[in-house]
Amino acid sequence: MDSNLEQFVRRAKNGNLQALEEVVCGIQEKIYGLALRMLGHQEDAEDETQEILIKVITHLSDFREESAFSSWVYRIACNHLLTVRKKRYERMDLTFDLMEESVSAGLENMEPLTVSGPERDVLLEETRVGCMQGALVCLKREVRIAFILGEQYGVTSKEGAFILDITPELFRKRLSRGRKSLQNFMQKNCGLVNKDNACRCHKQAGGRLKNGHIDMTFVKKENASKGRSEAVAHLKELAEIDRTVAMYRHYPEYHTPESFTFIMKDLIKSGKYKALSE
C-alpha cells in the first residue's frame with residue numbers, strides 16, 4: 001500500500017469524500033487479493049472485501065497513526081476473514097489427502113490440451129494457480145493467513161504479530177508450519193517443484209477443462225504468458241526445497257472488477273457510511 005495514503009486518510013477523517021475515495025481505491029486491491037487467497041472464489045472475495053472496506057470506512061476515525069495504515073487495515077481484514085462463515089472451498093473440508101487424490105485422478109483421466117496460443121497460456125496458468133490455491137486452503141485458517149501475510153505480502157513477524165494480535169514468535173511458528181506443509185505437498189506432487197513428479201500443468205489442464213473444473217478466476221489473459229514464463233524461469237534457478245515458496249511469491253496480483261469499484265464509490269457518495277469523528 002502506498003505510504004502517501006496516510007495523507008488521504010487525514011483528509012478523509014476531516015470529511016473530504018474525494019480523499020476517502022482515494023483511500024478505498026488505494027487499499028481495495030490488496031484486501032481483495034487477501035480475501036481471494038483466503039477464500040478461493042471471486043464472488044466470495046468480492047462480498048467479504050466490501051464488508052471489510054465498510055468496516056475500514058466506519059472505523060477510520062479510530063486510526064490513531066500508532067502503526068502503519070496498511071497494518072491497521074490488514075488487522076481489520078484478517079480479523080474479519082478469520083471469523084467469517086465458511087465459504088465454498090472450506091465447506092468441502094479440503095485436506096492435503098484429498099488434494100493428492102485430485103492430482104492422481106487428474107493424471108488418470110488426462111485429456112490432450114488441444115488449444116494453443118493465448119488461450120493455452122491462460123489454461124496452463126489457471127491450472128497452476130488453481131492447484132496452488134487448493135493447497136493453500138488445506139492449511140488451517142490461522143496458519144494460512146500467516147503464510148499469506150509473511151510469504152506473499154512480505155509482512156514482518158513484528159507487523160504480523162500486530163495484525164493478528166499474537167506474539168512475533170507465534171507468527172513465525174505459524175508461518176513456518178504453513179511453509180513446511182505446502183513444501184511437503186508440492187515436493188510430493190508438483191512437477192514444477194520436483195521434476196521427478198508425473199504431474200504437469202498441461203496433463204491436468206485438458207481433463208479439468210473437459211470436466212469444467214477450471215475456475216477462470218485467477219489469471220488475466222494479458223498476463224498469463226508473461227507470468228507463467230517468469231515463474232517457471234525463476235523456479236529453475238532454485239533448489240527444490242525453495243521452489244514452493246517461490247511459486248507462491250509469484251502468485252498473480254489481483255485487480256478488483258471495475259463494477260466493484262463503482263459500487264464502492266456509490267456507497268461512499270451515498271452518505272450512509274461515515275468516516276468522521278463527531
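Lys188 forms a salt bridge with Glu100, with 3.3 Å between the closest N and O atoms; a salt bridge is a side-chain nitrogen of Lys or Arg within 4 Å of a carboxyl oxygen of Asp or Glu. The pair links distant parts of the chain, since Lys188 lies in helix H10 (residues 168–189) and Glu100 in helix H6 (residues 96–108), 88 residues apart. The model is predicted: local features need pLDDT of at least 70 and side-chain atom pairs count only at pLDDT 80 or more, while totals for chains, interfaces and linings use all residues. Residues are numbered from 1 along each chain as its sequence is written, and side-chain values use heavy atoms, with hydrogens and water left out.

**Overall composition**

- The chain contains 14 helices and 0 strands; helices (H or I, at least four residues) and strands (E, at least two) are DSSP runs, numbered from the N terminus.
- Of the 278 residues in the chain, 49% are buried; buried means under 20% relative accessible area, exposed over 50%, and partly exposed in between (1.4 Å probe, protein chains only).
- Among contacts (heavy atoms within 4.5 Å) between residues at least 6 apart in sequence, 77% join residues at least 24 apart.

**Salt bridges**

- The structure holds 6 salt bridges.
- One of them joins the side chains of Arg10 and Glu65, at 3.0 Å from N to O. Arg10 belongs to helix H1 (residues 5–13) and Glu65 to the loop between helix H3 (42–58) and helix H4 (69–83), so this pair ties together parts that are 55 residues apart in sequence.
- Arg10 is partly exposed at 39% relative accessibility, and Glu65 is partly exposed at 38%.
- Lys188 counts as exposed, with 53% relative accessibility.
- Asp196 and Lys195 also meet through their side chains in a salt bridge of 3.8 Å, N to O. Asp196 is exposed at 63% relative accessibility, and Lys195 is exposed at 58%.

**Helix H2**

- Helix H2 (residues 17–39) has 23 residues and should span 33 Å at 1.5 Å a residue; its end C-alpha atoms are 31 Å apart, which agrees. The expected span is 1.5 Å times one less than the number of residues.
- A kink of about 35° in H2 is centred on Gln28; the bend at a residue is the angle between axes fitted to the seven residues ending there and the seven starting there.
- Just after H2, Gly40 takes a positive phi of about 85°.

**Thr127**

- Thr127, in helix H7 (residues 117–137), is buried, with a relative accessible area of 1%.
- The C-alpha atoms of Thr127 and Lys203 are separated by 9.7 Å, although the two residues are 76 residues apart along the chain.
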